[in-house]
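Me: Could you walk me through this structure? I'm new to it.
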Amino acid sequence: MLLYILKRVLSAISVVIVTLVASFALFFLAPTDPAGVICGPRCTPERLADIEDSLNLDEPAVSQIASYMKGIVVGREYNTGGTVRECSAPCLGYSYTLGQPVTKLLAAALPVTVSIVVGGAVVYLLVGILTGTIAAQVRGTSLDKLVVGSTLIVQSIPYFVFALLVALYATFLPDSGYHPFLDNPLTWASGLLAAWLCVGLTNAAAYTRYSRASMIEALGQDFVRTAASKGISRRRVVYRHGLRAGLTPVVTIFGIDLAFQLTGAIFTESIFNLPGLGQLTLRAFGQYDLPVLMGGVLVGSVVLVVMNLVVDIAYTFLDPRVRLG
Amino acid sequence: MEPLIEEAELARAGSPTDAMASPAVDPEKKVDTRRKSPTQIALARLRKDKVAVICASIFAFFVLIAIFAPLLAKLEGQDPTTLHQDLIDQYGYPTIPPNGEHWFGVEPRLGRDLFARFVYGARPSLIVAGTVTILTTIIGVTIGLLAGFVGGWLDRIVSWVIDFVLSLPYLLFAIAVPAVLLTLFVGTAENAAAQDVANARFFSLIIVLSFFGWASLARLIRGEVLSLREREFISAAKVLGVPTRKILFKELLPNLVAPIVISVSMALPSYIVVEAGLTFLGVGLTEPTPSWGLTIAAAQNYYRADPLYLWIPVLAITILVLSLSLLGDSIRDAFDPRTRR
C-alpha cells in the first residue's frame with residue numbers, strides 16, 4: 001500500500017517536472033520575441049537590450065530554466081533598469097504587461113475559479129444524483145425514458161452556446177460578477193448564481209446517467225433484497241443501503257471531473273465575466289504575456305495532477321475490491 | 001475445423017447430428033448461410049435505428065452545405081467577404097431585413113452577407129474536426145497497437161507519455177500554445193497579413209487538438225491489445241512466422257474495429273464543439289475565415305437588435321452537434337451490444 005502511494009507520488013512529481021521544463025522550453029526558448037512585445041511599436045534598441053537583460057533572455061537556455069526553477073523554490077531577484085525587485089518564493093516571474101508578480105495574479109484568480117466550480121458541483125451533484133436515483137427506481141417506465149432522453153440532449157448541446165444563451169436571455173437572474181465571499185457572502189452568491197446554474201445543469205445530465213446506471217446495479221445486489229426482505233422501508237433501503245453502495249463509482253468520476261473543471265472553467269468565466277484562472281490565461285494570450293501564460297498552465301497542471309493522485313489513493317480506501325498491481 | 005464441416009454436411013443431408021437435437025429438420029428449408037462480419041451486423045442494426053438514420057441525414061446535409069458552399073453562395077448571388085456598407089445605417093445596424101437578395105440579411109457593422117457566411121462557416125468546423133479526428137485516430141491506434149503488442153520498455157515509456165498528456169490542463173494549453181505557434185509561423189504578429197495569421201491559427205488549432213486528442217484512444221487500444229495478444233490466433237500467427245507488421249494490421253486491427261468506430265463517432269462532435277468554443281473565445285480561428293464560432297462571438301452584442309444574426313449559427317452548431325452525438329450514441333449501441341439500454 002505504502003509502496004503504491006509512493007510510486008504514484010513519484011510519477012506525479014515527474015509529470016509536474018516534465019510539464020515545467022517542456023512548457024518553459026516552449027514559451028521562453030522558442031524563437032519568439034517577448035522583449036519586442038513588451039517594448040511595443042516605438043522601441044529603441046537600448047530599451048530592447050535593457051528589457052532582454054532584465055528578462056535574462058541573453059543567458060543560455062539551461063541557466064534560464066535553472067533560475068526559473070530556483071525562483072519557484074527559493075525566490076529570485078529581478079533587475080529592471082537599475083532597480084532590483086525582490087520576488088520571494090514561490091516566484092513565477094513578473095507579468096510583462098501588468099508589472100505584477102504572477103503569483104499574486106494567480107492567487108487573486110484562483111478563488112474565483114474555485115467558487116464557480118465548487119458551487120456548480122453542489123448543484124449538479126444534488127440534481128444529478130437525485131434524478132438518477134429516481135430514474136433507477138422507475139426503470140423502463142416512460143418517466144425513465146424521458147429522463148434518459150433529456151440527459152442525452154442536454155449533454156449534446158455545446159456548453160458555450162448554452163452558457164451564452166443563459167447569460168443573454170435569463171435576465172431574471174441576478175447580474176453576474178465576482179465579489180469576495182468574506183466581504184459579503186450574499187452578494188458573492190448572487191453574483192455567481194447564473195454561473196452555478198449553468199455549470200450545474202449541464203453537468204447534472206452526466207451525473208444523472210452515472211448514478212442511474214450505478215444505482216440500477218446496486219439495487220440488483222443481494223444485500224438490497226435481504227434488506228427489503230427484513231421489512232425495512234423502501235425509502236430506507238434505497239437511500240441508506242443502495243445509495244451508499246451505488247455512489248462509489250460516482251465519487252471517483254466526480255474527483256476527476258472536479259480537477260478538469262478547475263482548469264477548464266474558461267467558458268463560464270469568459271461568458272459571465274468572472275476574473276478566474278481561465279480569463280487570466282485568455283488575457284495573457286491576447287497580450288502575449290508569457291510569464292502569466294506559463295504560470296497559469298503550471299498551476300493548472302499541478303491542480304490536475306494532485307487531484308488525480310488524491311482520487312487514485314482515495315479510491316483504494318473507498319473500494320476494498322481494488323487490487324493494487 | 002473438420003468435425004464442424006462434417007456436421008454441416010450431415011445437417012444438410014437431413015440427418016440429425018445430435019441425439020438430443022429435434023429430428024424434425026426440414027430438408028427443404030433453405031438456411032441463410034451468408035457470412036456476416038460483426039461490422040456488417042452492426043451496420044444492419046444501425047440502419048434499423050430510426051434516430052441514427054435521421055441524425056446521419058442531418059450530418060450529411062451539413063456536409064453537403066460545406067462542400068457546395070461556393071455553389072450555394074453563387075445561387076444566392078453573394079459572397080462571404082464583400083462589404084455592403086450601403087445597407088448599414090450610421091449606427092452600424094442593417095437597414096434591410098432578410099430578402100431575396102440577402103436570404104439571411106446582412107451583418108451589422110460590416111454588412112457582409114449572412115447566408116454566404118453561414119454556408120462557408122460550415123467548412124472550417126467540419127475540416128478542423130474531421131482532420132483532428134483522423135489524425136488522432138491514426139496516431140492513437142498506431143501507438144496503442146505498438147505499445148500493447150511490443151510491451152517491455154516501449155510500453156512503459158508510451159504509458160507514461162499517455163498519462164502525462166492526459167494530466168495536462170487541456171484547455172489552458174489550447175489557449176497558451178497557439179500564442180507561441182503563431183509567432184513561430186508568422187513572426188511578430190504586428191506586421192503579419194490577416195490571411196497569414198488566419199492560416200497559422202488554423203494549423204496551430206489542428207496541431208494542438210491533435211496533440212491532446214490521441215492519448216485516450218491509445219490507452220483504450222493498448223488495453224484491448226494487451227488482452228487480445230494472449231489469444232490463440234495471435235500465437236498461431238507468431239508461430240507461423242507472420243511478420244509483426246502483418247500481425248498488427250491484419251490480425252489485431254480487424255478485432256479493434258468496434259472501439260475505434262465508437263471513439264471516432266464520439267470524437268467528431270466533441271472537436272466541433274471545441275473548435276467553435278475556442279474560436280468563440282478568440283483563441284481559435286480568426287477573421288477573415290468565416291466560422292460559426294466567430295459569428296456567435298460577434299453576434300452576442302446584437303442579440304436584441306438582430307436576433308437572427310445570433311440564432312442562425314447557434315442553431316446550426318447545436319443541431320449539428322446534437323445529431324452527431326445522438327448518432328454516436330446509436331453507433332455505440334450498435335457496435336457494442338453490452339451497452340444497449
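This is a predicted model: local features need pLDDT of at least 70, side-chain atom pairs count only at pLDDT 80 or more; totals for chains, interfaces and linings use all residues.
Reply: Here is a quick chat about the chains, their contact and the cores.

Me: OK, how many helices and strands does chain A have?
Reply: Chain A has 13 helices and two strands. Helices (H or I, at least four residues) and strands (E, at least two) are DSSP runs, numbered from the N terminus.

Me: And chain B?
Reply: Chain B has 13 helices and zero strands.

Me: How much of chain B is buried?
Reply: Buried residues are 38% of its 341 residues. Buried here means 20 or more other C-beta atoms within 10 Å of the residue's own, with C-beta atoms placed from the backbone. For chain A, 37% of the 325 residues are buried.

Me: Switching topic: how many residues from each chain are in the contact?
Reply: Chain A puts in 37 residues and chain B puts in 34 residues. Two residues are in contact if their C-beta atoms, placed from the backbone, lie within 7 Å.

Me: Which element of chain A gives the most to that side?
Reply: That's α13(A), with eight residues.

Me: Which residues touch the most other members in the largest nonpolar core?
Reply: Out of 119 residues, they are A:Ala195, A:Leu293, B:Phe173, B:Ala176 and B:Tyr271. Such a core is a set of buried Ala, Val, Leu, Ile, Met, Phe, Trp, Tyr and Cys residues joined through C-beta atoms within 7 Å. Helix α13 (residues 307-335) of chain B supplies the largest share, 14 residues.

Me: What is B:Tyr271 in contact with?
Reply: Setting aside neighbours within four places in sequence, B:Tyr271 contacts B:Val128, B:Ala129, B:Val132, B:Thr133 and B:Leu209.

Me: Last one, what does UniProt say about chain B?
Reply: An unreviewed entry annotates "transmembrane region" over several spans, including residues 126-150 and 252-274. Positions follow the numbering used here, feature names are shortened, and annotations may be inferred rather than shown by experiment. In the model, residues 126-150 of chain B are 100% helix, with end C-alpha atoms 35 Å apart.

Methods. Residues are numbered from 1 along each chain as its sequence is written. Chains are lettered from A and ligands numbered from 1 in the order in which they are written. A residue is buried if 20 or more other C-beta atoms lie within 10 Å of its own, exposed if 12 or fewer, and partly exposed in between; C-beta atoms are placed from the backbone.
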